[in-house]
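I opened this model to look up a sheet, a pair of helices and a few single residues. My notes are kept in the order in which I checked things.

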Amino acid sequence: MMQIDYPFHFDSRKKTALTDEDDHIRDMILQTLFTAQGERVNRPDFGCGLMQLVFAPNSDELASATQFLVQGALQKWLGDLIRVESVSVKSDEATLYISIQYVVLTSQERQIAQFSRAV
């Protein structure tokens with residue numbers, strides 16, 4: 001089944017761009033990770049606040065806390081679509097590198113999504 005692509009845009013036919021299920025799930029993970037809590041008016045608790053951690057001092061404790069934060073947010077908001085197997089978060093200067101291994105529940109396919117965000 002096709003879904004609306006994120007970010008919203010028009011395709012070459014001047015119609016709303018669509019995407020497949022795997023890309024749609026990746027798009028939803030991206031939105032969950034990089035949406036700050038309070039940013040969405042009708043869902044003020046949506047997101048995980050990941051970007052706030054960029055400026056925190058690096059430590060093993062922060063890395064563990066970040067992994068739990070990301071895994072908890074994904075479980076809360078996407079738990080009916082995916083099962084998160086592992087989360088890896090690294091910070092280098094002002095860039096976050098996130099790698100998430102998950103299983104799509106409908107197909108039981110294992111996927112790896114990698115994101116980076118400079119601030």
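The entries below go from the ground rules to the sheet, then to the helices and one more residue.

**Ground rules.** I am working with a predicted model, where local features need pLDDT of at least 70, side-chain atom pairs count only at pLDDT 80 or more, and totals for chains, interfaces and linings use all residues. Residues are numbered from 1 along each chain as its sequence is written, and side-chain values use heavy atoms, with hydrogens and water left out.

**Sheet.** I looked up the strand order and found an open sheet of three strands, β3-β4-β5, with antiparallel pairing. β3 (82-92) and β5 are the edge strands with a single partner each, so one side of each has no neighbour in the sheet. From one strand to the next the twist averages 15°. Strands here are DSSP E runs of at least two residues, helices are H or I runs of at least four, and both are numbered from the N terminus. Two strands pair if DSSP finds at least two bridges between them. For β4 (residues 95-104) and β5 I noted 10 bridges, running antiparallel. T95 stands opposite A118 in β5.

**R117.** I placed R117 in strand β5 (residues 109-118). R117 has 32% relative accessibility and therefore counts as partly exposed (buried is under 20% relative accessible area, exposed over 50%, partly exposed in between, with a 1.4 Å probe and protein chains only). I also checked R117 against I98: they are 19 residues apart along the chain, and their C-alpha atoms are separated by 8.7 Å.

**Helices.** Helix α2 (residues 60-78) lies across β3 and β4 and runs at about 145° to β3. Axes are lines fitted to C-alpha atoms, for helices over the stretch in contact, and angles run from 0 to 180 degrees between N-to-C directions. How do helix α1 (residues 21-34) and α2 cross? Their axes come within 10 Å and cross at roughly 125°. The two are therefore oblique to each other (under 35 degrees is roughly parallel, over 145 roughly antiparallel, 65 to 115 roughly perpendicular, the rest oblique). I listed the residues that meet, with contact taken as heavy atoms within 4.5 Å. M28, I29, T32 and L33 in α1 meet V70, A73, L74, W77 and L78 in α2.

**H24.** Is H24 buried or exposed? H24, in helix α1, is buried, because its relative accessible area is 18%. Leaving out residues up to four places away in sequence, H24 touches Q3, I4 and T19.
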